[in-house]
Amino acid sequence: MRYFSRVKDLGNLRQAMQEAKEIKNDRFKYVELGKNKTLLMVFFNSSLRTRLSTQKAAMNLGMNVIVLDVNQGAWKLETERGVVMDGDKSEHLLEAIPVMGCYCDIIGVRSFAGLKDRDYDYAETVFNQFVQYSGRPVFAMETATVHPLQAFADLITIEEYKEVKRPKVVLTWAPHPKALPQAVPNSFAEWMNAADVEFVITHPKGYELDSTFVGDAIVEYDQRKALEGADFVYAKNWSCPGVTNPSDYGQVLSKDMSWTIDTEHMSWTNDAHFMHCLPVRRNMIVSDDVIESPRSIVIPEAANREISATVVIKRMLESLNI
Ligand code: AN0
Ligand code: CP
């Protein structure tokens, strides 16, 4: 596997899930595979889980790891082509990327949506430049529109905790004070559509996700109706995807606190497990009671980030030897 940003990059999903199980049983099984190989993790944005779990995954595979926080200590990077660089940016991404490629074997990139220009974000401009100019296998550690390592970990978690063969999984929008990207709900929707679950998305009007990711999922605007009978509640805020009204792209259209997941919301479900990718703002997205309840699986969900990353990096290491 040379690139990883979409569910299809894994090929047979059932096989990838099997591999995840195998690695969870023995996470050092492939420790020889990454000997003398280097992973470079490039962060344009903050991270706790992705940083730690991806580094741990690389260590499980016997790799060396370099972490670059672009905004701390590196030259300020210009990302647009054709700009007269007379401002505060000293280096262009188009030189920086091939240089980064010189010092490593595999690259992971975190580069969030700017939420200003929908076309620029949805073209995955920064990630695709890494693909095009680094000369290395590249994987997404949350890019402008996708967060596949999270969605893969989410699916692993659902498989582990499901109590019925085909669970009902509900992705619900919840309020947040600041504009957030759509990467997490996009990928979650994409992966749930590929999995054997009953999948429902609920959000206020105006928050429709891009159709590429929604696929055939059921969209139910009545949150209570959506949550009824749910086996998993996956809460997440996202800003306006600009599907119905492009000029609203990246805006906060609602802070309706009636969407916050509290014990009353959970009482409408089939004693659902509560999930969130974290970081989460308590009592905006979810009440203290719900996130602390025995049905909350946010910590095992985060733990599975190490597993999804190990599978992905293993596959990339294997592709180096072909
Ligand atoms: C980011 C987001 O919503 O995309 C990262 C989540 C993994 N969250 C924040 O910026 C708070
Ligand atoms: N869930 C997730 O990707 O967390 P971080 O932003 O802390 O990496």
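In these legends Ala, Val, Leu, Ile, Met, Phe, Trp, Tyr, Cys and Pro count as nonpolar, Asp, Glu, Lys and Arg as charged, and the others, Gly among them, as polar. The views are taken from a predicted model.

**View 1. The shell around ligand 2, by class and by domain.** By these classes, the residues of the shell around ligand 2 comprise three nonpolar, four polar and three charged. The shell is made up of Ser-47, Leu-48, Arg-49, Thr-50, Arg-110, His-147, Gln-150, Cys-277, Leu-278 and Arg-305. Both domain 1 (3-146 + 305-320) and domain 2 (150-301) supply at least three residues each to the shell around ligand 2.

View 2. On its own ligand 2 has 250 Å² of accessible area, of which the protein covers 94%.

**View 3. The surroundings of ligand 1.** Phe-112, Glu-142, His-147, Leu-180, Pro-181, Lys-236, Cys-277 and Leu-278 are the residues around ligand 1, and by class this shell holds five nonpolar residues, one polar residue and two charged residues. In the side chain of Glu-142, an N or O atom is 2.6 Å from an oxygen atom of ligand 1, while a polar side-chain atom of Lys-236 is found 2.7 Å from an oxygen atom of ligand 1. Ligand 1 exposes 330 Å² when taken alone, and the protein buries 83% of that area.

**View 4. An open sheet of five strands with parallel pairing.** The strands of this sheet follow the order β10-β9-β8-β11-β12. Because β10 (218-219) and β12 (273-275) stand at the edges and have a single partner strand each, one side of each is left without a neighbour in the sheet. Strands of a sheet pair through backbone hydrogen bonds, either parallel or antiparallel.

**View 5. The pairing of β8 with β11.** Strand β8 (residues 168-173) and strand β11 (residues 232-236) run parallel and are joined by five bridges. Within this pairing, Val-170 has Val-233 of β11 as its bridge partner. Lys-236, which belongs to the stretch given for β11, is also one of the residues around ligand 1.

Key: Residues numbered from 1 in each chain as written. Chains lettered and ligands numbered in written order. Predicted model: local features only at pLDDT ≥ 70, side-chain atom pairs only at ≥ 80, totals over all residues. Heavy atoms only, no water. Near = heavy atom within 4 Å. Polar contact = N/O pair within 3.5 Å; in protein donor to acceptor, adjacent residues only side chain to side chain. Areas by Shrake-Rupley, 256 points an atom, 1.4 Å probe, with all protein chains shown as cover. Domains from an automatic or database assignment. Pairing = 2+ DSSP bridges. Helix = DSSP H or I, 4+ residues; strand = E, 2+ residues; numbered from the N terminus.
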